[in-house]
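Subject: Structure handover

Hi,

Here is the structure for you to look through. Please open it first, then read my notes below.

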Amino acid sequence: MSKYVITPPAQAAVAVAETAALFPIRRVFCVGRNYAAHAREMGNDPSREPPFFFAKPSDAVVPASGVVPYPSLTDNLHHEIEMVVAIGGSGRNVPVEQALSLVWGYGVGVDLTRRDVQDVAKKMSRPWDWAKGFDASAPCGPLLPVDKVGHPSEGRVWLEVNGEVRQEGDLNELIWPVADVISYISQSVVLQPGDLIYTGTPSGVGALQPGDVVSGGVEGVGSFEFTVGPKP
C-alpha cells in the first residue's frame with residue numbers, strides 16, 4: 001500500500017535528443033536581464049545590476065513542439081528565447097572555474113511571459129510568479145549531453161514568429177556566462193541533478209497571438225517549432 005494519501009504527480013521531464021531517454025526535472029531557475037540589449041529594452045542599466053533569478057514550476061516545462069496553449073489572464077503573451085542548461089551534478093558555493101563540471105547538457109527553451117501581469121506586479125512591487133510560472137510557460141526542445149555539444153560560449157540565438165525574425169543575439173553577449181550563473185545560484189541554494197537553468201534572452205521580445213508559428217534555436221545546440229494555441 002502506498003504511503004501517499006493521493007497519487008503522486010508524474011515526474012516532470014524533458015526529452016534527450018536522438019534517444020528515447022528523458023531528463024527528469026527537479027527545479028527551473030531563470031536568469032533575468034542577462035543580455036545587455038534586452039536589459040535596456042526593459043528600461044534597465046545592465047552595467048549596474050548583478051544577476052537575479054526567478055523560478056518556474058518543473059511541470060511548466062513542456063515540449064517546444066506541436067501546440068503550446070495560450071494562457072489565461074493575459075492579452076499580452078511574450079516570447080523570450082533562451083539557452084537552457086541541464087544540471088547533472090550537485091554543489092553549493094561552487095567556484096566559477098569548477099561550475100561547468102555540474103552541467104549534464106544543453107537545450108533551447110522559451111520563457112513565455114504574461115507581460116501585462118508582470119507590468120502590474122512591477123508597479124506594485126509584487127512577485128512575478130503569476131507572470132512567469134503558469135502552465136506550459138517553459139517550452140523546451142530536446143537536450144544534448146555535454147559529450148555531444150561541449151560547453152557553448154558563442155553561437156547565434158534566434159527566434160522567429162511566422163517566419164519573421166523577432167529576436168537575434170549571440171551566446172557571447174551574455175552578461176553573466178553559464179559558469180558565473182551556476183556559481184551565483186549555488187551561493188543561494190544547493191544545485192542538484194535535474195535542475196534546469198534558463199540563461200536569459202536577447203532583445204526583441206514581443207507579443208504572440210493564437211495561431212502564430214514560433215521557431216528558433218541556438219547554433220550548435222538545437223532548434224524548435226511550435227504553434228500557439230487558441231485563447232481559453
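Strands are DSSP runs of E with at least two residues, helices are runs of H or I with at least four residues, and both are numbered from the N terminus. The model is predicted, so local features need pLDDT of at least 70 and side-chain atom pairs count only at pLDDT 80 or more, while totals for chains, interfaces and linings use all residues. Residues are numbered from 1 along each chain as its sequence is written, and side-chain values use heavy atoms, with hydrogens and water left out.

**The sheet**

Start with the hairpin. S13 and S14 form it, with 2 residues between them. Asparagine 162 sits in the turn and has a positive phi of about 55 degrees. The two strands S13 and S14 run antiparallel, joined by 6 bridges. Leucine 159 stands opposite glutamine 167 in S14.

S13 (residues 156-161) also runs antiparallel to S17 (residues 213-218), through 5 bridges. There, glutamate 160 has serine 215 in S17 as its bridge partner. Two strands pair if DSSP finds at least two bridges between them.

The open sheet has 5 strands, in the order S6-S18-S17-S13-S14, with mixed pairing. S6 (67-68) and S14 (164-170) are the edges; each has a single partner strand, so one side of each lacks a neighbour in the sheet.

**The cores**

A nonpolar core is a set of buried Ala, Val, Leu, Ile, Met, Phe, Trp, Tyr and Cys residues joined through side-chain atoms within 4.5 Å. Buried means under 20% relative accessible area (1.4 Å probe, protein chains only).

The largest nonpolar core has 43 residues. Val85, Tyr106, Ile182, Ile197, Phe224 and Phe226 have the most contacts inside it. H6 gives the most to this core, with 5 residues. A second, separate core has 19 residues, including Trp128 and Cys140.

Why is H6 largely enclosed by the rest of the structure? Because 7 of its 9 residues are buried. Among them are Val178, Ile182 and Ile185.

Valine 85 is in contact (heavy atoms within 4.5 Å) with residues including Val178, Ile182 and Ile197, leaving aside neighbours within four places in sequence.

**The pocket**

A pocket is an open set of points on a 1 Å grid over the protein atoms alone, where a 1.4 Å probe fits, with protein on both sides within 12 Å along at least five of seven lines. Lining residues have an atom within 4 Å of a point. The largest pocket is lined by residues including Tyr106, His151 and Val178.

Best wishes

Notes. Buried < 20%, exposed > 50% of the residue type's maximum accessible area, 1.4 Å probe, protein only.
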